Amino acid sequence: MSGGDILEFEIRPTPHPVSDAERAALLVEPGFGRVFTDHMVTIRYSEGKGWYDARLEPFGPLSLSPATAALHYAQEIFEGLKAYHLADGGVGLFRPEANARRMRRSAARLAMAQLPEELFMQSIRVLLQYDRAWVPTRAEASLYLRPLMFATEAFLGVKPSSEYLYVLIASPVGPYFPGGVKPVSVWVSQDYTRAAPGGTGAAKAAGNYAASLLAQSEAIEHGCDQVVFLDAVERRWVEELGGMNVFFVYREGDRTVLVTPELTGSILEGITRDSVITLARDRGYEVQERRYAMEEWRADAESGRLLEAFACGTAAVITPIGRVRSVEGEFTIAGGNPGPVTLELRQALLDIQHGRAPDPYGWVTRVL
Ligand code: PLP
Ligand code: COI
């Protein structure tokens, strides 16, 4: 079958699944992104033929020509979403159609074929049908789903590839930052930027992460957990962290005001960011999407006007930011402690994701 939005999946279950005992041991403290399930999904694309060869197969190595285009010119995108064990024993996904759409936007920006939303959803359903036992049931744990797609044409000319491989793998995960809701520290990168106007910052493109790694290493060298990127033109406006969006919490009179950098085209449009905006507004908080300067962050943290700051993303959920360092020195936010608005929004988000609270927005898609 080809061309349509639904494909018949060829099912090749692994002859050697991980035993129940071994899986249970792996699920105790899986960390982040080190343990993988028994299976993966692959779907191929070729110009003229469309999407074809959809299959579930044992998780394992891919065989690639050294001339594979993605290895040379980085035509590669990915997504990140989670499958949650629901309070009633089912399995739910959080806003998966938003990931499917973002993957299509990322593909468009990188001149790649766009996977139909329905195929994206189908790939997840098929994988979870076979790897359901890998969805952790412990609080704060989930099955992280990593869809990716890259250029597979074996050709060294610089042009959009005519062939792509979509792969879906899954990894049981605990908290991204060990230590749970312990506030993290961030390093403001002065020398390196992540994305420039007109670039690929709004796409979930592998190259953006490659560009972030040296700055992230610098953050670690300065004793920080994550890097904060400023805009590439003025090096003044806060954009986002290496893999998370960022929010600032103020109190103005009797109003709680959240500020988050506006989407300028160089920031990733986080699905958690969008969900936080909705949750905050529904609680009567004001949300401002606007430019936010590094000077403002420092001055308001030092004067005590800034009450809280937090990072958010699929992997990080909502994580308080306690300490900020840069070449200009260091400051803390709320004495380095998690704030009440951060904790309230975090709990509200997790409760919806895990089916412990009503889902008025229809964010959870039950798959099993
Ligand atoms: N910003 C970057 C650079 C990211 O990698 C991510 C993670 O996906 C996010 C923001 C948050 O996006 P989301 O909430 O959709 O996971
Ligand atoms: C995510 O939150 O899904 C991310 O992609 C962040 C990071 C692990 C790259």
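This report describes the surroundings of two ligands in a predicted model.

## Where the ligands sit

Ligand 1 sits in the largest pocket, and the space taken by ligand 2 is likewise the largest pocket. Lysine 204, tyrosine 209 and threonine 314 are listed among the residues that surround ligand 2, and these three residues are also named among the closest to ligand 1.

## The surroundings of ligand 1

Ligand 1 is surrounded by 16 residues, of which the closest are Lys204, Tyr209, Glu240, Thr272 and Thr314. Sorted by class, this shell holds 5 nonpolar, 7 polar and 4 charged residues.

Helix H6 (271–282) and strand S15 (306–313) are the elements that give two or more residues to the shell around ligand 1.

## The surroundings of ligand 2

The residues that surround ligand 2 are Phe32, Phe78, Gly80, Tyr144, Arg146, Tyr176, Lys204, Tyr209, Gly243, Thr314 and Ala315. By class, this shell divides into 6 nonpolar, 3 polar and 2 charged residues. Both domain 1 (10–173) and domain 2 (184–353) contribute to the shell around ligand 2, with at least three residues drawn from each.

Which part of alanine 315, backbone or side chain, lies 2.8 Å from an oxygen atom of ligand 2? In alanine 315 it is a backbone N or O atom that lies at this distance, whereas in lysine 204 a side-chain N or O atom is 2.8 Å from an oxygen atom of ligand 2. Tyrosine 144 also takes part through its side chain, with a polar atom 2.6 Å from an oxygen atom of ligand 2. Ligand 2, taken alone, exposes 280 Å², of which the protein buries 88%.

Notes: Residues numbered from 1 in each chain as written. Chains lettered and ligands numbered in written order. Predicted model: local features only at pLDDT ≥ 70, side-chain atom pairs only at ≥ 80, totals over all residues. Heavy atoms only, no water. Near = heavy atom within 4 Å. Polar contact = N/O pair within 3.5 Å; in protein donor to acceptor, adjacent residues only side chain to side chain. Areas by Shrake-Rupley, 256 points an atom, 1.4 Å probe, with all protein chains shown as cover. 1 Å grid on protein atoms, 1.4 Å probe; cavity = no way out; pocket = protein on both sides within 12 Å on 5 of 7 lines; lining within 4 Å. Sits in = over half its atoms within 2 Å of the grid points. Nonpolar A, V, L, I, M, F, W, Y, C, P; charged D, E, K, R; others polar. Domains from an automatic or database assignment. Helix = DSSP H or I, 4+ residues; strand = E, 2+ residues; numbered from the N terminus.
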